Amino acid sequence: MTSVILVAAFGLLGAFAPVPFVALGPGPTYNTLGEEAGTPVIRIDGQRTYPTAGHLNMTTVSVTDHLSMLGALGLWVSGRYALAPREVYYPPEKTEQQIEQENTQAFNDSQTDAETAALHHLGYPTKVLAGTVVTGSPADAVLEPGDQLIAVDGKPITDPPALQAAVAASKPGEQVRLTFRHGDEPERTVPVVLGTSSDGRPQGFLGVGAVGRPDVPFDIKISLADVGGPSAGLMFSLAIVDKLTPGELNGGKFVAGTGEIDAVGNVGPIGGIPFKMTMAREAGATTFLVPAGNCSEAKSHAPEGLQLVRVGTLDEATKALDTLRDGGAPPSC
């Protein structure tokens with residue numbers, strides 16, 4: 001009788017006791033050229049757009065939390081999910097609300113960078129803003145976040161790297177002339193004495209993080225609920241390029257992909273690519289755009305019938321799609 005009770009108790013523990021793992025698996029995939037819940041994923045107002053066809057699908061990874069021992073085992077045995085330590089995705093020092101806010105912010109930032117990269121690729125002008133200003137730094141006495149950075153010692157700041165280049169040969173204690181604009185006020189030029197960075201770099205320290213933003217008279221709105229993280233950036237950029245240029249960038253075919261993108265169009269690696277490829281293929285994709293840094297992993301997990309295309313920048317991605325559309329062979333993993 002006692003053994004029966006023990007077996008029953010262990011069975012209940014297996015069924016209901018939580019385990020410190022989450023399950024990672026294929027998540028939803030969304031056509032960035034289409035609509036979700038009746039709303040365009042990407043809407044452009046105030047500028048001519050062109051018809052699109054086919055798919056440019058962004059892909060996601062699902063994270064299943066609050067698993068029991070039996071539930072976790074069942075998902076793992078299915079072969080469709082992988083288990084990972086819960087603390088990696090839900091650090092114990094943060095609340096679930098904080099983590100959700102961080103994921104949402106990363107997704108919003110990726111949208112902004114995707115817009116900037118797409119418009120930069122198309123030749124639209126970009127303005128450079130003060131994204132962050134280090135407290136107590138030389139810039140802190142002059143700039144506020146959101147101020148437009150125009151020049152350093154007369155050298156135009158046309159993109160974020162240009163700001164770094166402008167002070168690359170300087171030394172702490174040197175004075176530079178910083179030209180900027182605050183809101184709608186006239187631009188100003190003020191002297192700033194460069195400081196010393198906390199990491200001991202030899203060049204002078206200004207203390208401002210520059211970000212590029214489009215300088216265009218039209219609006220781009222990306223609407224997609226309940227998605228977090230930065231990995232949709234590449235596909236958002238491609239959809240914006242497709243909508244703002246004649247013809248069909250994807251040749252009317254079903255293309256999916258993933259990749260974080262920065263404001264100047266560099267595509268960075270992401271996590272969970274095997275799950276993303278699985279869902280893309282099941283949804284009907286025949287081509288998958290893979291960040292160059294993910295190629296080795298993607299190649300070893302690629303579903304049958306899914307062509308992998310290696311991309312390192314937005315320019316490379318558009319050229320690869322042009323090659324595919326024309327019947328050629330783009331770079332592969």
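Colleague: Is the crossing left-handed or right-handed where α4 passes α6?

Modeller: α4 passes α6 in a right-handed crossing. Handedness is read from the near helix: turned clockwise from the far one counts as right-handed, and anticlockwise by less than a right angle as left-handed. Helices here are DSSP runs of H or I with at least four residues, strands are E runs of at least two, and both are numbered from the N terminus.

Colleague: What should I know about the model before going on?

Modeller: It's a predicted model, where local features need pLDDT of at least 70 and side-chain atom pairs count only at pLDDT 80 or more, while totals for chains, interfaces and linings use all residues. Residues are numbered from 1 along each chain as its sequence is written, and side-chain values use heavy atoms, with hydrogens and water left out.

Colleague: What describes two packed helices?

Modeller: The angle between their axes and the distance between the axes. The axes are lines fitted to C-alpha atoms over the stretch in contact, and angles between N-to-C directions run from 0 to 180 degrees. Take helix α4 (residues 96-121) and helix α6 (residues 233-244): their axes lie 8 Å apart, at an angle of about 40°. α4 and α6 are therefore oblique to each other. For the cut-offs, under 35 degrees is roughly parallel, over 145 roughly antiparallel, 65 to 115 roughly perpendicular, and the rest oblique.

Colleague: Which residues of α4 and α6 meet?

Modeller: On the α4 side you'll find F107, S110, Q111, A114, E115, A117, A118, L119 and H121, and they meet G233, F236, S237, I240, V241 and L244 of α6. Contact here means heavy atoms within 4.5 Å. Sorted by class, this contact has nine nonpolar residues, five polar and one charged. Nonpolar covers Ala, Val, Leu, Ile, Met, Phe, Trp, Tyr, Cys and Pro; charged covers Asp, Glu, Lys and Arg; the others, Gly among them, are polar.

Colleague: At what angle do α4 and helix α9 pack?

Modeller: α4 and helix α9 (residues 314-325) pack at about 65°, with axes 10 Å apart. That makes α4 roughly perpendicular to α9. This crossing of α4 past α9 is right-handed. A117, A118 and H121 of α4 make the contact with L314, D315 and T318 of α9, and the residues split into three nonpolar, two polar and one charged.

Colleague: How do α6 and α9 cross?

Modeller: Their axes cross at roughly 60° and come within 11 Å. That makes α6 oblique to α9. α6 passes α9 in a right-handed crossing. Look for L234, S237, L238 and V241 of α6 against L314, A317, T318 and L321 of α9; that contact has six nonpolar residues, two polar and no charged.

Colleague: Which residues line the largest cavity?

Modeller: T116, H120, T126, T158, D159, P160, G212, A263 and V264 do. Its volume is about 40 Å³, and the count is one cavity of 30 Å³ or more.

Notes
1 Å grid on protein atoms, 1.4 Å probe; cavity = no way out; pocket = protein on both sides within 12 Å on 5 of 7 lines; lining within 4 Å. Points joined across faces, edges and corners; volume = space filled by probe spheres on them.
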